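Work through the exercises below with the model open beside you. Try each task before reading its solution.

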Amino acid sequence: MSAEDSKKRAALEALTWLDDARVIGIGTGSTVNHFIDALKSIKGRLDGAVSSSEASAQRLKAIGIPVLDLNAAGELSVYVDGADEANHRLQLIKGGGGALTREKIVAAVSKQFICIVDDSKLVNVLGHFPLPVEVIPMARSYVARELVKLGGRPDWRSGFTTDNGNHILDVHGLTIPDPPALEAQINQITGVVSVGLFARRPADVLLVGHADRVEKIT
Ligand code: 5RP
(Lines give C-alpha, C1' and ligand atoms only; values in the text may rest on other atoms or scores of the structure.)
Protein backbone atom coordinates (compact mmCIF):
# COMPACT_ATOMS: atom_id res chain seq x y z
CA MET A 1 0.00 0.00 0.00
CA SER A 2 1.54 3.34 -1.04
CA ALA A 3 1.32 6.84 0.46
CA GLU A 4 -0.68 7.74 -2.63
CA ASP A 5 -3.34 5.15 -1.71
CA SER A 6 -3.52 6.58 1.82
CA LYS A 7 -3.88 10.12 0.45
CA LYS A 8 -6.68 8.95 -1.81
CA ARG A 9 -8.44 7.20 1.07
CA ALA A 10 -8.40 10.44 3.13
CA ALA A 11 -9.57 12.44 0.10
CA LEU A 12 -12.54 10.15 -0.52
CA GLU A 13 -13.53 10.36 3.14
CA ALA A 14 -13.59 14.17 2.89
CA LEU A 15 -16.44 13.88 0.37
CA THR A 16 -18.68 12.78 3.24
CA TRP A 17 -17.92 16.04 5.14
CA LEU A 18 -19.40 18.46 2.63
CA ASP A 19 -22.99 18.25 3.93
CA ASP A 20 -25.14 20.42 1.68
CA ALA A 21 -22.42 22.97 0.80
CA ARG A 22 -22.92 24.40 -2.67
CA VAL A 23 -19.67 26.39 -2.75
CA ILE A 24 -16.53 24.88 -1.24
CA GLY A 25 -12.93 25.97 -0.74
CA ILE A 26 -10.27 23.86 -2.40
CA GLY A 27 -6.58 23.66 -1.48
CA THR A 28 -3.55 22.56 -3.43
CA GLY A 29 -1.36 19.48 -3.81
CA SER A 30 -1.40 15.81 -4.70
CA THR A 31 -3.83 14.85 -1.90
CA VAL A 32 -6.25 17.57 -2.94
CA ASN A 33 -5.92 16.42 -6.54
CA HIS A 34 -7.45 13.10 -5.45
CA PHE A 35 -10.25 15.07 -3.80
CA ILE A 36 -10.89 17.15 -6.93
CA ASP A 37 -11.01 13.97 -9.01
CA ALA A 38 -13.58 12.55 -6.58
CA LEU A 39 -15.70 15.71 -6.86
CA LYS A 40 -16.64 14.65 -10.39
CA SER A 41 -19.17 12.26 -8.91
CA ILE A 42 -21.05 15.02 -7.04
CA LYS A 43 -20.39 18.06 -9.20
CA GLY A 44 -24.10 18.48 -9.95
CA ARG A 45 -24.58 19.41 -6.27
CA LEU A 46 -22.06 22.26 -6.44
CA ASP A 47 -22.44 25.83 -7.71
CA GLY A 48 -18.68 26.17 -7.73
CA ALA A 49 -15.45 26.27 -5.78
CA VAL A 50 -12.97 28.86 -4.54
CA SER A 51 -9.44 27.70 -5.31
CA SER A 52 -6.23 28.38 -3.39
CA SER A 53 -4.06 28.14 -6.52
CA GLU A 54 -4.00 28.43 -10.28
CA ALA A 55 -3.08 24.73 -10.48
CA SER A 56 -6.19 23.60 -8.59
CA ALA A 57 -8.32 26.10 -10.52
CA GLN A 58 -7.22 24.49 -13.81
CA ARG A 59 -8.03 21.02 -12.48
CA LEU A 60 -11.46 22.12 -11.27
CA LYS A 61 -12.30 23.77 -14.58
CA ALA A 62 -11.17 20.67 -16.46
CA ILE A 63 -13.93 18.63 -14.79
CA GLY A 64 -16.53 21.36 -15.26
CA ILE A 65 -16.65 22.88 -11.77
CA PRO A 66 -16.89 26.71 -11.95
CA VAL A 67 -14.09 28.54 -10.12
CA LEU A 68 -15.42 31.51 -8.16
CA ASP A 69 -13.81 34.72 -6.92
CA LEU A 70 -13.61 34.68 -3.13
CA ASN A 71 -14.75 38.31 -2.95
CA ALA A 72 -18.01 37.32 -4.57
CA ALA A 73 -18.40 34.00 -2.75
CA GLY A 74 -18.21 35.46 0.80
CA GLU A 75 -17.94 33.11 3.77
CA LEU A 76 -17.46 29.43 2.94
CA SER A 77 -18.92 26.58 4.95
CA VAL A 78 -16.14 24.12 4.20
CA TYR A 79 -12.54 24.11 2.99
CA VAL A 80 -10.64 20.94 2.07
CA ASP A 81 -6.85 21.01 1.87
CA GLY A 82 -3.76 18.89 2.52
CA ALA A 83 -0.69 19.60 4.67
CA ASP A 84 3.01 18.85 4.82
CA GLU A 85 2.94 18.14 8.56
CA ALA A 86 0.19 17.94 11.17
CA ASN A 87 0.22 17.47 14.92
CA HIS A 88 -2.52 16.15 17.20
CA ARG A 89 -3.66 19.69 18.00
CA LEU A 90 -4.49 20.02 14.28
CA GLN A 91 -1.78 22.62 13.80
CA LEU A 92 -0.12 22.37 10.43
CA ILE A 93 2.86 23.18 8.28
CA LYS A 94 1.72 23.97 4.74
CA GLY A 95 3.21 25.56 1.66
CA GLY A 96 5.24 22.72 0.17
CA GLY A 97 3.46 23.56 -3.08
CA GLY A 98 3.95 27.29 -2.52
CA ALA A 99 0.25 28.18 -2.21
CA LEU A 100 0.34 29.02 1.51
CA THR A 101 -0.92 32.60 1.37
CA ARG A 102 -4.07 31.86 -0.61
CA GLU A 103 -4.56 28.72 1.48
CA LYS A 104 -4.45 30.85 4.63
CA ILE A 105 -6.99 33.25 3.19
CA VAL A 106 -9.42 30.50 2.20
CA ALA A 107 -8.97 28.79 5.59
CA ALA A 108 -9.66 32.11 7.33
CA VAL A 109 -13.04 32.58 5.63
CA SER A 110 -14.18 28.98 6.07
CA LYS A 111 -16.27 27.69 8.96
CA GLN A 112 -14.89 24.15 8.71
CA PHE A 113 -11.33 23.37 7.59
CA ILE A 114 -11.05 19.68 6.73
CA CYS A 115 -7.41 18.67 6.38
CA ILE A 116 -6.56 15.48 4.49
CA VAL A 117 -3.18 13.76 4.87
CA ASP A 118 -1.54 10.36 4.68
CA ASP A 119 -0.16 9.00 7.93
CA SER A 120 3.47 9.96 7.15
CA LYS A 121 2.48 13.60 7.78
CA LEU A 122 1.38 13.12 11.40
CA VAL A 123 4.10 14.22 13.88
CA ASN A 124 4.43 15.00 17.59
CA VAL A 125 6.34 18.24 17.10
CA LEU A 126 6.19 20.36 13.94
CA GLY A 127 9.39 21.41 12.21
CA HIS A 128 10.99 18.46 10.52
CA PHE A 129 9.45 19.62 7.23
CA PRO A 130 11.16 22.90 6.20
CA LEU A 131 8.82 25.76 7.06
CA PRO A 132 7.81 27.78 3.95
CA VAL A 133 7.71 31.56 4.29
CA GLU A 134 6.39 33.70 1.41
CA VAL A 135 8.29 36.98 1.10
CA ILE A 136 8.19 40.13 -1.00
CA PRO A 137 11.14 39.63 -3.40
CA MET A 138 13.11 42.77 -2.37
CA ALA A 139 12.91 41.73 1.31
CA ARG A 140 14.18 38.18 0.77
CA SER A 141 17.69 38.61 2.21
CA TYR A 142 16.52 40.76 5.11
CA VAL A 143 13.82 38.23 6.08
CA ALA A 144 16.35 35.40 5.76
CA ARG A 145 18.69 37.16 8.25
CA GLU A 146 15.80 37.62 10.69
CA LEU A 147 14.88 33.93 10.38
CA VAL A 148 18.48 32.96 11.19
CA LYS A 149 18.09 34.98 14.43
CA LEU A 150 15.11 32.73 15.25
CA GLY A 151 17.33 29.65 14.91
CA GLY A 152 16.37 28.61 11.38
CA ARG A 153 18.38 27.92 8.24
CA PRO A 154 16.42 29.60 5.42
CA ASP A 155 16.89 28.31 1.91
CA TRP A 156 15.61 30.34 -1.07
CA ARG A 157 13.34 28.20 -3.29
CA SER A 158 15.28 29.41 -6.30
CA GLY A 159 13.44 29.60 -9.63
CA PHE A 160 10.01 29.44 -7.98
CA THR A 161 7.53 32.33 -7.99
CA THR A 162 4.22 32.13 -6.13
CA ASP A 163 0.86 32.83 -7.77
CA ASN A 164 1.16 36.24 -6.04
CA GLY A 165 4.53 37.03 -7.68
CA ASN A 166 6.58 36.49 -4.53
CA HIS A 167 9.47 34.30 -3.36
CA ILE A 168 9.58 31.42 -0.86
CA LEU A 169 12.15 30.77 1.85
CA ASP A 170 12.11 27.19 3.17
CA VAL A 171 13.34 27.29 6.76
CA HIS A 172 15.23 24.21 7.92
CA GLY A 173 16.35 23.24 11.40
CA LEU A 174 13.37 24.49 13.41
CA THR A 175 11.75 22.55 16.23
CA ILE A 176 8.40 24.19 16.91
CA PRO A 177 7.00 23.40 20.38
CA ASP A 178 4.77 26.52 20.36
CA PRO A 179 3.44 26.94 16.79
CA PRO A 180 1.06 29.90 17.48
CA ALA A 181 3.91 31.90 19.06
CA LEU A 182 6.32 31.27 16.19
CA GLU A 183 3.59 32.03 13.65
CA ALA A 184 2.99 35.43 15.26
CA GLN A 185 6.73 36.13 15.52
CA ILE A 186 7.40 35.39 11.84
CA ASN A 187 4.31 37.31 10.73
CA GLN A 188 5.82 40.39 12.41
CA ILE A 189 8.93 40.43 10.21
CA THR A 190 8.64 43.21 7.65
CA GLY A 191 8.55 41.77 4.15
CA VAL A 192 6.88 38.50 5.16
CA VAL A 193 3.64 37.92 3.26
CA SER A 194 2.71 34.82 5.21
CA VAL A 195 4.23 31.85 7.00
CA GLY A 196 3.19 28.26 6.39
CA LEU A 197 2.30 27.64 10.03
CA PHE A 198 -1.44 27.11 10.40
CA ALA A 199 -1.69 27.23 14.20
CA ARG A 200 -3.67 30.36 15.00
CA ARG A 201 -6.28 29.02 12.57
CA PRO A 202 -5.66 25.26 12.71
CA ALA A 203 -7.73 22.62 10.94
CA ASP A 204 -11.07 21.67 12.50
CA VAL A 205 -10.96 18.06 11.36
CA LEU A 206 -7.91 16.02 10.39
CA LEU A 207 -8.55 12.96 8.22
CA VAL A 208 -5.47 10.73 8.27
CA GLY A 209 -5.30 8.06 5.61
CA HIS A 210 -3.67 4.80 6.74
CA ALA A 211 -3.09 1.64 4.70
CA ASP A 212 -6.44 0.16 5.77
CA ARG A 213 -8.57 2.95 7.26
CA VAL A 214 -9.07 6.66 7.79
CA GLU A 215 -8.44 8.08 11.24
CA LYS A 216 -10.46 11.13 12.24
CA ILE A 217 -8.88 13.62 14.68
CA THR A 218 -10.92 16.58 15.94
C1 5RP B 1 0.55 23.40 -0.89
C2 5RP B 1 0.29 22.70 0.38
C3 5RP B 1 -0.09 21.26 0.31
O4 5RP B 1 -1.26 21.06 1.02
C5 5RP B 1 1.01 20.44 0.93
O6 5RP B 1 2.23 20.74 0.27
C7 5RP B 1 0.71 18.94 0.83
O8 5RP B 1 0.87 18.51 -0.48
P9 5RP B 1 0.64 17.00 -0.90
O10 5RP B 1 -0.82 16.72 -0.74
O11 5RP B 1 1.08 16.98 -2.35
O12 5RP B 1 1.50 16.13 -0.05
O13 5RP B 1 0.36 23.24 1.45
O14 5RP B 1 0.98 24.71 -0.67
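**Exercise 1. Determine the handedness and geometry of the crossing of α1 and α2.**

Solution. This is a predicted model.

- Step 1. The crossing of α1 and α2 is right-handed.
- Step 2. Take the numbers next. Helix α1 covers residues 3-14, and it packs with α2 at an angle of about 50°. Their axes are 8 Å apart.
- Step 3. Classify the angle. Angles under 35 degrees count as roughly parallel, and 65 to 115 as roughly perpendicular. α1 and α2 are therefore oblique to each other.
- Step 4. List the contact. From α1 come Glu-4, Lys-7, Lys-8, Ala-11, Leu-12 and Ala-14. From α2 come Ser-30, Thr-31, His-34, Phe-35 and Ala-38.
- Step 5. Sort that contact by class. The contact of α1 with α2 has five nonpolar, three polar and three charged residues.

**Exercise 2. Describe how α2 packs with α3, and name the residues that make the contact.**

Solution. 

- Step 1. Locate the helices. Helix α2 spans residues 30-39, and helix α3 spans residues 54-62.
- Step 2. Read the geometry. The two pack at an angle of about 20°, with their axes 9 Å apart.
- Step 3. Apply the cut-off. Angles under 35 degrees count as roughly parallel, so α2 is roughly parallel to α3.
- Step 4. The crossing of α2 and α3 is right-handed.
- Step 5. Name the residues. α2 contributes Val-32, Asn-33, Ile-36, Asp-37 and Leu-39. α3 contributes Ser-56, Arg-59 and Leu-60.
- Step 6. Sort them. The contact of α2 with α3 has four nonpolar, two polar and two charged residues.

**Exercise 3. Trace the six-strand sheet: in which order do its strands run, and which are the edge strands?**

Solution. 

- Step 1. Write the order. The six strands form an open sheet, β2-β1-β3-β6-β12-β13. The pairing is mixed.
- Step 2. Find the edges. They are β2 (48-51) and β13, and each pairs on one side only.
- Step 3. Take a parallel pair. Strand β6 (residues 110-118) runs parallel to β12, joined by five bridges. Ile-114 stands opposite Val-205 in β12.
- Step 4. Helix α5 (residues 100-108) lies across β1, β2, β3 (76-81) and β6. Helix α5 runs at about 145° to β3.

**Exercise 4. Do β12 and β13 pair in the parallel or the antiparallel sense, and over how many bridges?**

Solution. 

- Step 1. Mark the strands. β12 is residues 205-209, and β13 is residues 214-217.
- Step 2. Read the pairing. The sense is antiparallel, over four bridges.
- Step 3. Pick a bridge. Leu-207 has Lys-216 in β13 as its partner.
- Step 4. β12 and β13 form a hairpin, with four residues between them.

**Exercise 5. Compare the radius of gyration of the protein with that of a compact globule.**

Solution. 

- Step 1. Count elements. The protein has seven helices and 13 strands.
- Step 2. With 218 residues, a compact globule would have a radius of gyration near 17 Å.
- Step 3. Compare. The protein has 17 Å, which agrees.

Definitions and conventions:
Residues numbered from 1 in each chain as written. Predicted model: local features only at pLDDT ≥ 70, side-chain atom pairs only at ≥ 80, totals over all residues. Heavy atoms only, no water. Axes fitted to C-alpha atoms, helices over the stretch in contact; angles between N-to-C directions. Parallel < 35°, antiparallel > 145°, perpendicular 65-115°, else oblique. Left-handed = near helix turned anticlockwise from the far one by under 90°. Contact = heavy atoms within 4.5 Å. Nonpolar A, V, L, I, M, F, W, Y, C, P; charged D, E, K, R; others polar. Rg over C-alpha atoms; globule rule 2.2 N^0.38 Å. Pairing = 2+ DSSP bridges.
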